[in-house]
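Visitor: I would like to go through the labels on this model one by one. Please set each value against its definition.

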Amino acid sequence: MSRLLGVVFIYAAMILAWTGVGLFMLIGPVRFGNLVHDNLQLFPEVNRGDWGKKLFLRLLGAGLLAFAVRLIIRIAHEMN
């Protein structure tokens, strides 16, 4: 039983992580872009008027949410 709970916990953590990051990218693309810029230097700094960078981050966030939904559907399909 404890192995099953471990697997459930891992899948729940993965789904919550993908969903949380995706929502953060959709809701606050400027904050997310600047967070990545300040901590990892992987993305250029995002200003208020940078609509292209914000659009890119929002599309990436929507992709992460779509991946989370696909993961949920695959898990539900495997359960049946």
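Predicted model: local features only at pLDDT ≥ 70, side-chain atom pairs only at ≥ 80, totals over all residues.

Visitor: Why is α1 called roughly antiparallel to α3?

Guide: The axes of α1 (residues 2-27) and α3 (residues 51-79) cross at roughly 155 degrees and come within 7 Å. Angles over 145 degrees count as roughly antiparallel, under 35 as roughly parallel, 65 to 115 as roughly perpendicular and the rest as oblique. So α1 is roughly antiparallel to α3. The angle runs from 0 to 180 degrees between N-to-C directions, and the axes are lines fitted to C-alpha atoms over the stretch in contact.

Visitor: Which residues make the contact of α1 with α3?

Guide: On α1 they include Tyr11, Trp18 and Leu26; on α3 they include Leu57, Phe67 and Ile75. Contact means heavy atoms within 4.5 Å. By class, the α1 and α3 contact has 18 nonpolar, three polar and one charged residues. Gly counts as polar here, and Arg as charged.

Visitor: What makes α1 and α2 roughly perpendicular?

Guide: Their axes cross at roughly 115 degrees and come within 5 Å, with α2 covering residues 29-40. Therefore α1 and α2 are roughly perpendicular to each other.

Visitor: Which residues meet there, in α1 and α2?

Guide: Val21, Phe24, Met25, Leu26 and Ile27 in α1 meet Pro29, Arg31, Phe32 and Leu35 in α2. The contact of α1 with α2 divides into eight nonpolar, no polar and one charged residues.

Visitor: How does the span of α2 compare with the one expected?

Guide: α2 has twelve residues and reaches 16 Å from its first C-alpha to its last. The expected span is 1.5 Å times one less than the number of residues. For α2 that is 16 Å, and its reach is close to it.

Visitor: Which residues of α2 are buried?

Guide: Pro29, Phe32, Gly33, Asn34, Val36 and His37 are. Buried means under 20% relative accessible area, exposed over 50%, and partly exposed in between, with a 1.4 Å probe and protein chains only. The cover over these buried residues includes α1 and α3.

Visitor: Why does glutamine 41 count as exposed?

Guide: Its relative accessibility is 57%, so glutamine 41 counts as exposed. Glutamine 41 lies in the loop between α2 and α3.

Visitor: What is the phi of glutamine 41?

Guide: Positive, about 60 degrees, although glutamine 41 is not a glycine.

Methods: Residues numbered from 1 in each chain as written. Heavy atoms only, no water. Helix = DSSP H or I, 4+ residues; strand = E, 2+ residues; numbered from the N terminus.
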